[in-house]
Amino acid sequence: MTLTQLSYMITIAETGSLNKAAEKLYVSQPSLTNAIKELEKELGVTLLNRSGRGVTLTNDGVEFLYNAKEIYSQYEGLMRKYGKGGSLKKKFAVSAQHYSFATKAFVDMAQH
């Protein structure tokens, strides 16, 4: 199971269509279908009911989607924090009693 497959399942559920999901994800419909079939094979369950009018989630698919959204949300949070351009800022702190000579020595050292 990959994060890509989780993203695919979430998008399929949102659009209700493999074609619309493929378009939204900028992948071919056969590639999307193959990715979901591989996921279903790996899990040993059917996640989607396919029909001429689109797709719906099976009972297993509903449960899977709930968990997939949780996992994918956590992944996105990690990327916002630690990924390229993330919000995590490196911090440096010194805890000491306030003595002006110590502060001056630290500032002098930091500037060189």
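**View 1. Buried residues of helix H4 and the elements that cover them.** In this predicted model, the buried residues of helix H4 are Gly 61, Phe 64, Leu 65, Ala 68 and Tyr 72, where buried means under 20% relative accessible area, exposed over 50% and partly exposed in between, with a 1.4 Å probe and protein chains only. What covers these residues includes helix H1 (3-15), helix H3 (29-43) and strand E2 (54-57); helices (H or I, at least four residues) and strands (E, at least two) are DSSP runs numbered from the N terminus. Local features need pLDDT of at least 70, side-chain atom pairs count only at pLDDT 80 or more, and totals for chains, interfaces and linings use all residues. Residues are numbered from 1 along each chain as its sequence is written, and side-chain values use heavy atoms, with hydrogens and water left out.

**View 2. The span of helix H4.** Helix H4 comprises 24 residues (59-82) and should span 34 Å at 1.5 Å a residue, the expected span being 1.5 Å times one less than the number of residues. Its end C-alpha atoms are 35 Å apart, which agrees with that expectation.

View 3. The structure holds 1 aromatic pair, formed by Tyr 72 and Tyr 75, which is tilted, with 5.4 Å centre to centre and 50° between the planes. Rings of Phe, Tyr and Trp (its six-membered ring) pair if their centres lie within 6.5 Å, and planes under 30 degrees apart count as stacked, over 60 as edge-to-face and the rest as tilted. Both tyrosines lie in helix H4, 3 residues apart, about one turn of the helix. Tyr 72 is buried, whereas Tyr 75 is partly exposed, with a relative accessible area of 30%.

Notes. Contact = heavy atoms within 4.5 Å.
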